[in-house]
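Welcome! Here is a short tour of one protein model, meant to be read with the structure open beside you.

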Amino acid sequence: MIEKSRLLRSLIKYRRIIPSMREYSSGPATADNNEKTTHFGYKTVKESEKAKEVYTVFEKVANSYDLMNDSMSLGVHRVWKDIFVHRLGPPHGSKLLDSAGGTGDITFRYLKYLKTTPNPENLKSSVTVCDINENMLEVGKKRAEKLDWTKQSNVDINWKQCDAESLPFDNDSFTAYTIAFGIRNVTHIDKVLSEAYRVLTPGGRFMCLEFSHVNNAALRWLYDQYSFQVIPVMGALIAGEWQPYQYLVESIRKFPKQEEFKDMIEEAGFRNVTYENFAGGITAIHSGFKL
């Protein structure tokens, strides 16, 4: 009972210092009226500032990123990621670009999938993990060493710090492109999709796992209460940071709805574009092919 009381007092304390959605939001940027603005959660910032703001968010939470993911989703994010890689079903000989994949969650599942499927022709596969944030990549590299993935003889693992909006790779370089819980953080979604299309080989597959939009009104109300009232508090208690997690829940609401994002993927040139909702639309897997 004593521990529960202490936790309750801590929650009340941190809830008091967390601004409401209205307090956290701001009006349009006015420093330079000639520069386009975009959203950073519910804040409006200049386009040139968003990448820096996002970088700072993930720089702060890199070391506690996996722990917070487990805490916020009660571990369900692991199931979503497992399904995501199984939907991809990469064959041996694949060349995967795991974009915004710094901590390695999708990459390690890709490696595990290949390890557990027959490879009679002894084909060699590869994965390139790219992320704009160096801290996230360092976490992924350490995890790869700890899990002994660096010793896989049939798979090359490469780590590259780069921007998903401007990839330093040649055309037609990869057979698959994945991005999980990362595309909503970019400044220009259309540029990311265009770059994904460019670096994929003909027949290559684009797959995106992202938080999405809940259609059921009752579930959406419960989800909103949990998102805005609980997640930032958990960030303060577990990671010592509330603002990155306030941004997290706001960025989800600003992300395009499923049909709108599907249209954007098609506009980038992909075909056979589909999406699959999970947990009533809390997350969705989007898929498309470069044909």
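**A loop residue to start from**

Gln152 is partly exposed: its relative accessible area is 23%, which falls between the 20% limit for buried and the 50% limit for exposed. Keep in mind that this is a predicted model.

- You can find Gln152 in the loop between α7 (134-146) and β5.
- Gln152 and Lys115 are 37 residues apart in sequence, while their C-alpha atoms are 8.9 Å apart in space.

**The sheet**

- Seven strands form an open sheet in the order β5-β4-β3-β6-β7-β9-β8, and their pairing is mixed.
- β5 (155-161) and β8 (271-278) each have a single partner strand because they stand at the edges, so one side of each is left without a neighbour in the sheet.
- On average, neighbouring strands of this sheet are turned by 15° against each other, direction ignored.
- Strands in a sheet pair through backbone hydrogen bonds, in either a parallel or an antiparallel way.
- Here, β3 (residues 95-99) pairs with β6 (residues 174-180) in the parallel sense, over four bridges.
- Leu97 has Tyr177 in β6 as its bridge partner.
- Helix α6 (residues 105-115) packs on the sheet and touches β3, β4 (125-131), β5 and β6. The direction of α6 makes about 170° with that of β4.

**A pair of helices**

- The axes of α10 (residues 231-239) and α11 (residues 243-254) come within 7 Å and cross at roughly 150°.
- That angle is over 145 degrees, so α10 is roughly antiparallel to α11.
- The contact involves Ile231, Pro232, Gly235 and Ala239 of α10, together with Tyr245, Gln246, Leu248 and Val249 of α11.
- By class, this contact has six nonpolar residues, two polar ones and no charged ones.

Key:
Residues are numbered from 1 along each chain as its sequence is written. This is a predicted model: local features need pLDDT of at least 70, side-chain atom pairs count only at pLDDT 80 or more; totals for chains, interfaces and linings use all residues. Side-chain values use heavy atoms; hydrogens and water are left out. Two strands pair if DSSP finds at least two bridges between them. Helices (H or I, at least four residues) and strands (E, at least two) are DSSP runs, numbered from the N terminus. Axes are lines fitted to C-alpha atoms, for helices over the stretch in contact, and angles run from 0 to 180 degrees between N-to-C directions. Contact means heavy atoms within 4.5 Å. Buried means under 20% relative accessible area, exposed over 50%, partly exposed in between (1.4 Å probe, protein chains only). Angles under 35 degrees count as roughly parallel, over 145 as roughly antiparallel, 65 to 115 as roughly perpendicular and the rest as oblique. Ala, Val, Leu, Ile, Met, Phe, Trp, Tyr, Cys and Pro count as nonpolar, Asp, Glu, Lys and Arg as charged, and the others, Gly among them, as polar.
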